[in-house]
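Please read the following account alongside the model, moving from the contact inside one chain to the contact between two chains.

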Amino acid sequence: MNDKIKIHIDGKECWTTDGTSIIDAAKENGIFIPSLCHVDGIKPAGSCRICNIQVNGRNMTACSTPAVDGMHIESNIPELEEMRKAIIEIMFVAGNHFCPACEKSGNCELQALGYRYQMMVPRFPYEFPEKGVNADSKYIYHDRNRCIMCKRCVRGVIKDGKHVFAFNSRGGENLHIELDTELASQLTEAEALAAMDICPVGAILKKERGYYEPIGERKYDKEPIGSEIENK
Amino acid sequence: MKDKVQNIIRNYHDDRTRLMDILLDIQAEFKCIPAEAIEVLAGQLNMSKVDVEQTLSFYHFFTYEPTGEYTVYLNDSVVAKMMGSDEIARAFEDEAGTKFGSVSEDGLVGLFETSDIGMNDQEPAALINGVPFTNLTISKVKELVAGFKAGKDVNDMVGQTGDGRNSDDLIKSMVNSNCRMQKGSVLCLEYEVGSALKRAVNITREAVIETVKSSNLRGRGGAGFPAGLKWEFCRKSNGDVSYLVCNADEGEPGTFKDRVLLTEMPEQLFEGMAIAAYAIDAKEGFLYLRAEYNYLKAYLEDVLQKMRDDNLLGDKILGSEGFNFDIRIQMGGGAYVCGEESALIESMEGKRGEPRNRPPFPVQAGYHNKPTVVNNVETLSTVVKIILHGADWFRAIGTEESAGTKVLSVSGDCRKPGVYEVEYGMTVNEMLEMVDADSVQAVQVAGPSGVCIGPDKFDQKISFEQLPTGGAMIVIGKDRDLLKEVALNYMDFFIDESCSSCAPCRSLTVILKNKLLKLMNGFGTMNDIDELYDWSKYMKQANRCGLGQTAANPIMTTIDNFRPLYEALVKTDDEFVSEFDMDKAVEASCKYVDRVPNVH
Amino acid sequence: MSKPVVATTSLAGCFGCHMSLLDIDERILELIELVEFNKSPIDDIKTFTKQCDIGLIEGGCCNRENIHISKNVRKTCKILFSLGECDLMGGLPALRNGIPVEECIREAYLDGPTVGLNKEQILPNDDELPMILDKVYPCHEIVKIDYYLPGCPPRADLIWNALVALVTGDELKLPYEVVKFD
């Protein structure tokens with residue numbers, strides 16, 4: 001077992017295998033480091049910046065940085081928690097997150113982080129973007145205004161080796177994620193559902209799949225996001 | 001059209017990592033990337049259409065719609081505005097009969113704004129079909145547009161060519177180098193081209209690295225990482241192949257010194273690249289040249305060819321067995337963030353110029369995931385003199401932590417704008433005297449991502465330890481509205497130029513700019529100033545790359561150094577002021593239902 | 001010591017937040033012991049009769065009257081609570097924020113499937129009617145808000161806990177289940 005390495009996260013001794021990302025190493029050891037762009041099995045993007053941790057006082061993203069033997073990592077410190085909350089609030093105002101009218105409500109990771117960080121209202125002014133929707137393919141409904149641009153779909157929804165979703169433009173109002181309607185039309189129902197599941201928010205929906213679980217039985221109705229890791 | 005596009009793609013062997021070049025060629029051919037071309041690209045490169053667009057929509061100079069037979073890109077950055085670019089813009093609009101952001105109805109003239117084009121010492125300036133036109137005046141604009149209407153070739157409208165090698169047959173540009181570098185400094189020390197490379201190949205690769213390491217040469221692009229160490233890391237990375245890249249994507253508004261180095265002494269740069277390639281054992285090198293400097297490409301290609309002819313590039317360089325190295329010029333597509341080394345590599349691979357996560361560092365896994373050294377133009381040029389004169393000689397110049405000289409691009413409110421080479425340790429006051437500036441309110445050091453300082457800090461020394469700069473020094477006179485003309489413009493710049501990957505850089509920049517506007521529009525409170533500052537801190541903390549981390553600097557450093565300017569914007573003691581405007585809010589609905597608004 | 005005076009009002013909302021307030025069940029009797037109500041649908045007092053200590057606003061601002069009321073409540077109440085998603089961020093009415101107001105009016109009075117009776121194609125423009133704003137504004141963009149209670153509606157326990165904590169000075173308890181955005 002010489003590929004086992006020891007790291008410290010917030011003072012706690014943790015064991016993991018060499019090459020594991022810090023976020024996964026933390027998870028293995030019952031520590032939750034919040035993130036919105038990270039998803040198991042897909043190359044990390046480090047784009048939401050919420051999983052920022054500190055290694056020797058230097059900020060790094062836990063999803064993209066491999067654990068190295070002897071590393072001392074700070075995650076649950078006021079400076080970072082405050083920053084994470086701010087990023088969550090930024091995402092709430094940068095999109096149209098009408099939780100009461102959203103099919104993903106209760107299963108939404110952004111909303112769940114809002115709960116976990118007890119966001120009562122974002123400190124920033126709402127922007128109410130107008131980026132439109134694309135419902136032109138058979139199974140997918142894509143609401144760009146709910147998108148937090150985590151790139152999970154860009155990285156994870158692939159059909160015949162091609163990207164179904166991609167970034168478009170940069171900076172300012174034109175920026176959005178574009179759905180390839182042609183390619184999306186070839187998705188099977190199961191693939192469309194997988195695309196919906198990969199989206200942390202309600203930007204990608206499988207048609208006719210809204211409000212599936214009743215209130216009270218949804219993922220984050222009773223327990224905060226992360227408790228599945230912390231209570232293990 | 002299909003055939004043309006297919007041929008272009010074939011020229012690059014259907015290689016999707018050459019997407020930049022393919023798109024550049026298509027844009028040049030059709031003045032846009034037509035929908036049909038996107039279809040062909042997707043088919044031939046086996047990508048989805050949105051994936052092709054992912055790259056093309058990232059770069060400023062790739063467009064979906066044709067940009068006009070004569071495409072004008074007018075610089076809209078701070079110094080351009082200071083020098084009257086707004087008036088020039090109006091003149092263009094009046095003459096061409098179309099607004100900025102659009103093409104005239106007959107398709108003749110397209111007017112577009114662009115961020116800094118590297119001509120700050122001769123603003124207002126524009127690129128017209130890629131050809132720079134500097135020191136624009138209203139009468140010149142009239143002449144130009146008349147020329148467009150007469151169907152003249154833009155190259156024939158240049159007129160008097162500029163100083164130095166700008167008059168070279170392959171450049172023939174009106175740009176002036178304004179090179180105020182002193183003979184005998186470091187970069188301007190006369191030398192015989194090839195002599196440094198000769199010296200290098202006669203010692204071991206390790207010895208070259210050792211010399212550069214002990215010279216304390218630090219990266220001149222801004223970050224200041226020791227060049228020798230970078231080379232050593234690359235050399236020690238386990239890779240069968242390694243690459244050398246010269247970063248000539250100087251996009252920091254206010255920087256133009258690389259343009260002058262490329263124009264006036266390209267041999268020195270390419271020789272420096274060859275030395276670096278020798279040191280890290282790279283066979284391929286790239287000059288990533290910003291799109292705005294496309295007018296230098298033919299000339300630089302020619303210099304490269306001459307150096308190949310002289311065996312300073314190519315196989316068995318200077319007879320050295322096993323030392324084969326050549327340089328390809330990779331053009332950019334107009335994206336400031338590509339000046340960040342890993343974003344530059346992404347761009348070279350045909351992708352969006354988004355900075356990568358670190359680790360791995362480019363020296364471990366860079367271009368095509370092979371160890372790659374990316375150095376700035378000035379850094380590589382300097383290497384030549386270090387090899388010739390030795391590390392001790394170099395270290396003796398400058399200060400303790402900043403060996404050597406720095407090439408500055410000085411512009412703004414001064415009588416002698418241009419490019420200077422100064423010894424590290426020069427104070428800002430000394431610099432201002434050198435460039436003949438008085439009544440100075442502020443100096444923007446290192447461009448928007450740097451700091452805006454006032455006279456109380458003019459005794460600081462230009463150096464890594466005190467006042468680091470990639471070279472941009474913008475002098476701002478007493479009469480300027482610092483917040484409106486400088487800070488606000490720079491926030492717009494960062495919003496436009498963000499690669500948009502990191503959430504805070506993508507969205508918080510907009511929030512900060514709106515808050516700044518709230519203050520400027522007279523709705524601010526003292527609390528707004530504090531919030532502006534506190535929120536800015538998240539940028540530094542949270543973002544991945546240098547652009548994102550410094551994108552709030554225009555606000556933070558002006559609050560640090562010019563807080564009274566902000567306080568003067570606050571018109572009330574109230575702790576809450578609403579920006580809500582009743583007249584505006586009811587205007588549309590009342591008009592639609594035919595009702596006279598009565599809000600008072 | 002006299003009891004703190006509470007006022008409540010609903011702007012561009014559905015009165016769901018008020019329903020949620022009633023959803024504290026028998027604790028409403030305790031509440032009446034704890035506070036006195038002034039202007040509020042709960043006691044049907046239509047206009048303020050005195051300065052109040054606590055104001056609860058439900059709903060965002062979609063017309064001129066909403067703006068006027070929120071300013072008036074702010075003036076009259078020492079402490080203002082923003083109640084529910086509509087007040088916090090515009091909520092469901094703000095779904096129209098991406099749509100030009102002309103289009104909204106046209107849909108409501110001319111083109112919508114339920115406007116068959118409007119044969120003369122009349123657009124309401126009487127001076128007595130509140131003028132419609134270009135978009136729905138969260139209240140905190142109009143007046144200063146002191147506390148926010150999110151939810152659609154805010155859970156009865158959240159409203160209860162917050163009011164009691166404020167009035168008694170006890171620490172506010174926020175169990176996971178009570179802070180929700182839907």
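Between domain 1 of chain A and domain 2 of chain A there are five residue pairs in polar contact, both residues at pLDDT 80 or more (N or O atoms within 3.5 Å; within protein, one able to donate a hydrogen and the other to accept it, with residues adjacent in sequence counted only if both atoms are side-chain atoms). The side of domain 1 of chain A that touches domain 2 of chain A has ten nonpolar, three polar and two charged residues, where Ala, Val, Leu, Ile, Met, Phe, Trp, Tyr, Cys and Pro count as nonpolar, Asp, Glu, Lys and Arg as charged, and the others, Gly among them, as polar.

This is a predicted model, in which local features need pLDDT of at least 70 and side-chain atom pairs count only at pLDDT 80 or more, while totals for chains, interfaces and linings use all residues. Residues are numbered from 1 along each chain as its sequence is written, chains are lettered from A in the order in which they are written, and side-chain values use heavy atoms, without hydrogens and water.

Between chain A and chain C, by contrast, the count is one salt bridge: A:Arg218 pairs with C:Asp182, their closest N and O atoms lying 2.8 Å apart. Seven residue pairs are in polar contact between chain A and chain C, both at pLDDT 80 or more, and the side of chain A that touches chain C has 15 nonpolar, six polar and five charged residues.

Methods
Salt bridge = Lys/Arg side-chain N within 4 Å of Asp/Glu carboxyl O.
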